[in-house]
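The entries follow in the order in which I made them.

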Amino acid sequence: MGVTHHGRTHRLDLADPTLREWECTVLHADPEQGIVLDRSAFYPGGGGQPPDHGVLLWQGVQTRIAGTRKGDDLWLIPVEGDPLPPAGTAVTGAVEDDRRTRLMRTHSGLHVLCGVVFRDFGALVTGGNMEPGEARMDFNLPEVPSDFKSRIEELVNAEVAADRAVAVRVLPRDEALALPDIIRTQSNLIPPEEQEVRIVDIVGLDVQADGGTHVASTAQIGKVQVVKVESKGRANRRVRVRLAD
C-alpha cells in the first residue's frame, strides 16, 4: 500500500487529479468481488471523500462503475447487471468528470474551512463527511461567538478569493510527522504501517496529511456558503457548508 500503488493497482488519481480518461488492463474480474485494473484513476474513497463513478469501455461494451471496495487490491464495483471485462482485456477507463470535479472543490473547501477554524479559533477536527457540492465538518470548539456562522463564511471566502496555491508532496513518515500541526484531527489517523505521508498544503493557510484529490488553487473552489452551525455535544460544533453553484 502507499501513495502510488494499492495492491496490484498503480494509482493515477493521486499523481494527476485532473486525469479523466486512460488506458489500462484488467487483472482480475469476479462477479462477487469486482474488477481489478493495473492502472486506475478512480479515487477509491477515504478521509470522508466518497469514491468516484465512471465507466470502463472495451470491445464496444460499457461497464459502469458505481464504487470501490478496498482490500488487498482495489476492487471496482460494477453496476449490477453490467458485463464484466475478462482478465487480460485492454479497456479505457473514464471518471465521471462533474462528480469528481465537485468533490475536489468540496474537499479543498473543507481544507480552507479547517485552516481558518484552526488559525482563528485553535480548534481540531473531530469528524467530517462530504458529497459533491456539500459537506460537514465537526470541531472541538466549546465556545463560539454569536456571529460565528457569518464570520466563518466571510473568512473562508476571503481565503478562496486569495487564490492560494494547493500543493501536494509526499514525505517520509518521520519527516512528515515532524511538521508542526500536521495532524488536524484529535487522533492521528495515519496507519502505523504507512512509511510515506501525502501532504496537502494550501500555501500560507493550511498544511495537513491527506489522501484525497484537490483543485490546484483556492479560486477554483468557488463561493462557499455556511449553511448551518450545530451543537453536537458539550464541546462539539458541526459546520455544514455547500458550494454556491
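**Entry 1: pocket lining.** I listed the residues that line the second largest pocket of this predicted model. They are Asn129, Met130, Glu131, Glu134, Ala135, Arg136, Val227, Arg240, Val241 and Arg242. For the volume of the second largest pocket I noted about 160 Å³.

I next asked which strands each supply at least two residues of this lining. Three entries went into the notebook: strand S10 (125-131), strand S11 (134-140) and strand S16 (236-243).

**Entry 2: aromatic pairs.** I searched the whole structure for aromatic pairs and recorded two. Trp22 and Phe42 make up an edge-to-face pair, with 75 degrees between the planes and 5.4 Å centre to centre. I placed Trp22 in strand S3 (residues 21-30) and Phe42 in the loop between strand S5 (39-40) and strand S6 (54-58). The two are 20 residues apart, and the pair links distant parts of the chain. I checked burial for Trp22 and Phe42 and found both buried.

Phe121 and Phe148 also pair edge-to-face, at 5.1 Å centre to centre and 80 degrees between the planes. Here helix H2 (residues 97-121) contributes Phe121 and helix H3 (residues 148-161) contributes Phe148. This pair, too, links distant parts of the chain, its members being 27 residues apart.

**Entry 3: burial of Phe148.** Why do I class Phe148 as buried? Its relative accessible area is 2%, and buried means under 20%, so Phe148 qualifies.

Methods:
Residues numbered from 1 in each chain as written. Predicted model: local features only at pLDDT ≥ 70, side-chain atom pairs only at ≥ 80, totals over all residues. Heavy atoms only, no water. 1 Å grid on protein atoms, 1.4 Å probe; cavity = no way out; pocket = protein on both sides within 12 Å on 5 of 7 lines; lining within 4 Å. Points joined across faces, edges and corners; volume = space filled by probe spheres on them. Helix = DSSP H or I, 4+ residues; strand = E, 2+ residues; numbered from the N terminus. Phe/Tyr/Trp six-rings, centres within 6.5 Å; stacked < 30°, edge-to-face > 60°. Buried < 20%, exposed > 50% of the residue type's maximum accessible area, 1.4 Å probe, protein only.
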